[in-house]
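Have a look at the model below and get ready to follow a few helices and rings around. We'll take them one at a time.

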Amino acid sequence: MRLLRKVLDRVAPTFNEGGRLHVLYPVFEAVDSFLYTSRKASVGAVHIRDAVAYKRMMMTVALSLFPCGFMALLNTGLQANRAMAELGLSAAAGWRGAVIDALGIGYDPASFLANTIHGALYFFPVYVVGLAVGGAWELLFATVRRHDVYEGFLVTSLLFPLTLPPTIPLWQVGLGISFGVVIGKEVFGGIGYNFLNPALTGRAFLFFAYPAASSGDLVWTAVDGFSGATPLGAAALGGLPAIEWTYSEAFLGTIPGSMGETSTLACLIGAAILLLTRVASWRIMLSMLVGGLGLATLLWYAGSETNPMFSLPPHWHLVLGGFAFGLVFMATDPVSGAMTHAGQYVYGALIGLMTILVRVINPAFPEGVMLAILFGNTFAPLIDYCVLRVHIRRRALRHA
């Protein structure tokens with residue numbers, strides 16, 4: 001590592017202002033800051049010294065996503081191997097089947113190794129395409145604007161594939177991450193200026209632009225010709241009796257769904273990391289949980305003779321769809337979420353209420369987390385503005 005440090009220091013003048021390759025300074029800086037701690041440090045008594053730098057925050061969020069990433073590999077392969085066993089297939093289609101046959105691991109749903117490797121062959125291509133295309137956009141805008149490449153994209157590049165079904169075409173992955181990075185963030189000025197979550201913006205674009213590839217019953221299991229609804233989709237058609245999986249399976253995440261959103265347990269591990277390191281707001285998590293559970297309980301108690309979603313018990317909402325994933329990782333985005341303490345309570349409760357409202361009242365669209373968080377992102381600046389005005393007015397009255 002010392003040798004690499006010396007090499008980077010030697011070539012640094014070439015990329016600095018006045019150097020031959022100064023236009024590519026953001027690329028050099030991105031590599032340097034990724035490998036080593038930034039050499040730019042605040043000094044003097046006028047600055048607050050804190051070990052929690054932006055880079056460390058983003059690395060902490062990325063670390064908290066590892067449990068969901070692990071479940072993305074395991075559960076994607078598990079669902080595919082189960083479907084192959086049900087259909088009587090002996091090998092996967094295409095290059096993935098050739099890789100698995102060459103490794104000789106088989107397709108046994110009871111095999112941890114077989115499930116993980118099969119799932120990895122679906123998840124990693126999606127992740128690599130999103131990282132490469134989105135990273136290219138980040139470098140382009142950083143080069144044009146002559147600023148550093150921020151580590152926030154590492155989180156976006158992890159969040160985005162975790163929200164997608166395993167069968168998503170790779171060209172749509174590139175298109176979706178492009179829309180999320182460019183339209184959801186860069187056109188507003190980049191990190192710190194965007195009011196929408198970039199990963200969710202790209203996911204919403206794919207949902208509305210190419211619904212056949214990101215919704216329905218054919219996209220959640222990585223086996224051609226296999227049709228199977230998610231538990232949330234089944235509940236929208238027949239309520240709790242229509243759900244074939246147990247509560248423990250839904251909690252662990254061994255159910256069909258988006259690759260990284262199915263496991264509530266993995267999300268709770270991530271939440272523990274974010275809360276212990278004080279990276280995410282517990283106020284947003286708590287208020288979204290209370291708001292969602294409160295409305296779900298009210299609608300469950302009210303009941304309905306025509307809408308099966310009214311019969312879904314409140315605690316089931318927590319383990320189905322992307323509720324836990326959105327609560328822990330999406331709603332707590334420090335840039336697109338509310339920043340004032342009082343505003344965070346309102347912001348989180350709004351998202352929780354909207355999630356259950358969309359899920360239950362509109363069974364044709366059973367998953368409401370994505371739109372609810374984007375809806376909350378839109379209102380976050382207004383919520384903070386109102387909170388600040390109330391504080392200013394109270395202080396004016398107190399010191400009149």
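Start with helix α14 (residues 282-302) and helix α16 (residues 323-330), whose axes come within 9 Å and cross at roughly 155 degrees. Helices here are DSSP runs of H or I with at least four residues, numbered from the N terminus. The axes are lines fitted to C-alpha atoms over the stretch in contact, and angles run from 0 to 180 degrees between N-to-C directions. That angle makes α14 roughly antiparallel to α16, because angles over 145 degrees count as roughly antiparallel, under 35 as roughly parallel, 65 to 115 as roughly perpendicular and the rest as oblique.

α14 passes α16 in a right-handed crossing; right-handed means that the near helix is turned clockwise from the far one by less than a right angle, and left-handed means anticlockwise. Which residues of α14 and α16 meet? On the α14 side they are Met285, Met288, Leu289 and Gly292, and on the α16 side Phe323, Gly326, Leu327 and Val328. Contact means heavy atoms within 4.5 Å. By class, this contact of α14 with α16 has six nonpolar, two polar and no charged residues. Ala, Val, Leu, Ile, Met, Phe, Trp, Tyr, Cys and Pro count as nonpolar, Asp, Glu, Lys and Arg as charged, and the others, Gly among them, as polar.

A word on what you're looking at: this is a predicted model, where local features need pLDDT of at least 70 and side-chain atom pairs count only at pLDDT 80 or more, while totals for chains, interfaces and linings use all residues. Residues are numbered from 1 along each chain as its sequence is written, and side-chain values use heavy atoms, with hydrogens and water left out.

Now try another helix pair. Helix α9 (residues 198-209) and helix α18 (residues 369-398) have axes that come within 10 Å and cross at roughly 130 degrees, and α9 and α18 are therefore oblique to each other. Here α9 passes α18 in a left-handed crossing. Leu200, Thr201, Arg203, Ala204, Phe207 and Phe208 in α9 meet Met370, Leu371, Ile373 and Leu374 in α18. The residues of this contact of α9 with α18 divide into eight nonpolar, one polar and one charged.

Next, the rings. The structure holds 13 aromatic pairs: rings of Phe, Tyr and Trp (its six-membered ring) pair if their centres lie within 6.5 Å, and planes under 30 degrees apart count as stacked, over 60 as edge-to-face and the rest as tilted. One of the pairs is Phe70 with Phe112, which is tilted, at 5.9 Å centre to centre and 35 degrees between the planes. Phe70 sits in helix α4 (residues 66-87) and Phe112 in helix α6 (residues 112-145), so the pair links distant parts of the chain, 42 residues apart. Phe70 is partly exposed, with a relative accessible area of 35% (buried means under 20%, exposed over 50%, partly exposed in between, using a 1.4 Å probe and protein chains only). Phe112 is partly exposed too, at 48%.

Phe179 and Phe205 form a stacked pair, 4.4 Å centre to centre with 10 degrees between the planes. Phe179 lies in helix α8 (residues 170-182) and Phe205 in helix α9, so this pair ties together parts that are 26 residues apart in sequence. Phe179 and Phe205 also belong to one aromatic cluster with Trp171 and Tyr210.

Finally, find Val358 in helix α17 (residues 341-361). Is Val358 buried or exposed? Val358 counts as buried, at 17% relative accessibility. Leaving aside neighbours within four places in sequence, Val358 is in contact with Phe365, Glu367 and Gly368.

Technical notes. Helix = DSSP H or I, 4+ residues; strand = E, 2+ residues; numbered from the N terminus.
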